[in-house]
Amino acid sequence: MHIGIFTDTYYPAINGVSASTLYFTEELARRGHHVSIFCPRYKGTENEVRDYTKPGYSIYRCFGLPLPSHPEHYITFPWFGFRTDIEKLNLDVIHIQHPLILSGYGLYLAKKYNIPLTQTYHTLFEQYGHYLFLPYPLTRQLACVVSRAICNQCKVTFAPSPQIIEILKGYGVKTPIVHCPTGVDIEGSQKDINKDLVKKNLGINGNKKILLFASRMCEEKSADIVLKAFPHILEKIPETVLILSGDGPQKKKIGAQIKKMNMNGKIILKGYLSRPDLYAHYKQADLFVFPSISETQGLVVLESQMFGTPVVGVSRNGVQMIMENNRGGLLAERRNPKEIADLCINLLTDTKLYKQKAKEAFENALDYPTHTFIYIISLHDAHTVEEDN
């Protein structure tokens with residue numbers, strides 16, 4: 001099949017949706033499909049066009065402008081075109097990634113050319129009201145109306161966790177919703193890892209314990225909670241280093257807070273890491289600390305676990321689903337810095353518990369192979385094509 005994926009974010013922008021799109025695209029190509037990705041044209045990027053009649057993938061980019069307050073996000077203008085004739089690409093299925101501009105354009109094309117439409121619901125938009133300066137009840141209502149309208153025009157919506165399925169049903173979505181998390185490519189990750197960086201132990205003294213947070217630096221991802229938890233951890237385990245990787249609207253604020261805490265050398269603030277470098281950090285970290293409660297799945301949790309790195313998170317939404325019964329780490333009940341610190345301390349000071357959770361982490365990642373969930377999407381996409389023909 002020739003599958004068109006319309007997404008408002010893709011590499012070089014680094015986030016869960018970009019990673020998920022790449023994982024799915026690579027696995028679909030391995031299965032003999034061709035995927036055409038329609039996404040923003042970031043600075044320094046161009047189209048990457050390949051023969052759509054053969055297995056593989058192509059990237060088509062449209063004009064966009066970075067948001068002044070969030071330059072990693074682009075406002076796109078797909079009606080200006082993708083430097084190709086989409087009609088002549090003979091797409092069998094259009095798959096959209098979220099109810100935003102480019103996905104809306106994908107929906108328009110699906111209607112125009114009578115192409116089956118499917119969707120993955122990646123983002124819990126009701127948790128993002130602070131970007132619109134709206135109170136939560138109003139944000140939830142807006143998310144409900146928009147999500148319901150788009151999901152009900154799809155043949156099927158893929159949801160990364162059972163919790164998201166229940167939320168979408170609560171919105172009034174009547175079309176089929178299928179549980180389909182993003183899988184991880186464990187074998188591929190071992191090949192992609194920056195082995196030189198691993199050998200250098202990230203440039204950190206080998207006796208130190210390394211805590212890692214990797215995500216966008218924004219309110220909903222809760223990097224500030226990790227910062228507040230860290231001093232409590234240092235009281236019990238002084239030889240500890242915290243690495244914060246990512247970029248976003250809160251990065252300057254986080255940097256200023258680190259300086260105010262007089263934690264230079266103890267807290268290392270990095271920007272976005274390349275895929276091989278991020279994998280090296282997952283592998284070398286003793287714990288991955290991720291207190292976000294806005295995750296539909298929490299792909300970074302699985303990515304860290306595939307390197308046998310236990311996770312400390314919060315028992316909500318997608319992270320709760322992945323780490324059910326504290327599998328592969330420990331979950332706090334709330335985004336409470338002291339509670340999160342205590343869980344980190346428990347893991348780092350109890351050797352038997354740590355080894356158990358490290359083993360569980362890797363085993364947990366094995367339960368989420370990319371090929372299994374690609375099969376689910378391929379099966380449903382093929383079915384929608386047969387229905388429409």
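## Cysteines

Cys 180 has a relative accessible area of 2% and is therefore buried (under 20% is buried, over 50% exposed and anything in between partly exposed, with a 1.4 Å probe and protein chains only). The model is predicted, so local features need pLDDT of at least 70 and side-chain atom pairs count only at pLDDT 80 or more, while totals for chains, interfaces and linings use all residues. Residues are numbered from 1 along each chain as its sequence is written, and side-chain values use heavy atoms, with hydrogens and water left out.

A disulfide is a covalent bond between the sulfur atoms of two cysteines. With a disulfide taken as two cysteine sulfur atoms within 2.5 Å, the count is 0. Cys 62 takes part in no disulfide, and the nearest cysteine sulfur to its own, that of Cys 39, is 7.6 Å away. Cys 62 is buried, because its relative accessible area is 0%. Cys 180 is also in no disulfide; for this residue the nearest cysteine sulfur belongs to Cys 154, at 14 Å.

## Aromatic pairs

A pair of aromatic rings is described by the distance of the centres and the angle of the planes. Rings of Phe, Tyr and Trp (its six-membered ring) pair if their centres lie within 6.5 Å; planes under 30 degrees apart make the pair stacked, over 60 edge-to-face, and the rest tilted. This rule gives 19 aromatic pairs. In one of them, Tyr 282 and Phe 288, the ring centres are 5.8 Å apart and the planes stand at 65°, so the pair is edge-to-face. Both Tyr 282 and Phe 288 are buried.

Tyr 282 has another partner, Phe 307: here the centres are 6.1 Å apart and the planes at 20°, so this pair is stacked. Helices (H or I, at least four residues) and strands (E, at least two) are DSSP runs, numbered from the N terminus. Tyr 282 counts as buried because its relative accessibility is 0%. Phe 307, with a relative accessible area of 11%, is buried.

## Aromatic cluster and a charge over a ring

Phe 6, Phe 38, Tyr 60, Phe 82, Tyr 105 and Tyr 108 form one aromatic cluster.

The charged end of Arg 50 sits over the ring of Tyr 57, 5.4 Å from the ring centre (NZ of Lys or CZ of Arg must be within 6 Å of the centre and within 35 degrees of the ring normal).

## Cavity

The structure holds 2 cavities of 30 Å³ or more. A cavity is a set of points on a 1 Å grid over the protein atoms alone where a 1.4 Å probe fits but cannot get out, and lining residues have an atom within 4 Å of a point. Points are joined across faces, edges and corners, and volume is the space filled by probe spheres set on them.

The second largest cavity has about 30 Å³ of space. Its lining consists of Thr 9, Ala 13, Ile 14, Asn 15, Glu 72, His 73, Arg 216 and Tyr 272. By class, the lining of this cavity has 3 nonpolar, 3 polar and 2 charged residues (Ala, Val, Leu, Ile, Met, Phe, Trp, Tyr, Cys and Pro are nonpolar; Asp, Glu, Lys and Arg are charged; the others, Gly among them, are polar).

## Backbone geometry

Most residues other than glycine have a negative phi, and most peptide bonds are trans. Tyr 11 and Pro 12 are joined by a cis peptide bond, with omega about 15°. Pro 12 is in the loop between β1 (2-6) and α1.

Ser 222, a residue other than glycine, has a positive phi near 70°. Ser 222 belongs to the loop between β10 (209-214) and α7 (223-236) and counts as buried, at 0% relative accessibility. Asn 325, likewise not a glycine, has a positive phi near 60°. The loop that holds Asn 325 runs between α11 (317-322) and β15 (329-332), and Asn 325 is exposed, with a relative accessible area of 72%.

## Contacts across the sequence

Ala 29 is in helix α1 (residues 16-30) and counts as buried at 16% relative accessibility. Ala 29 and Gly 56 are 27 residues apart in sequence, and their C-alpha atoms are 4.6 Å apart in space.

Lys 270 is in strand β12 (residues 267-270) and is partly exposed, with a relative accessible area of 25%. The C-alpha atoms of Lys 270 and Ile 243, which are 27 residues apart along the chain, are separated by 7.3 Å.

Conventions
On a 1 Å grid over the protein atoms alone, a cavity is a set of points where a 1.4 Å probe fits but cannot get out, and a pocket is an open set with protein on both sides within 12 Å along at least five of seven lines; lining residues have an atom within 4 Å of a point.
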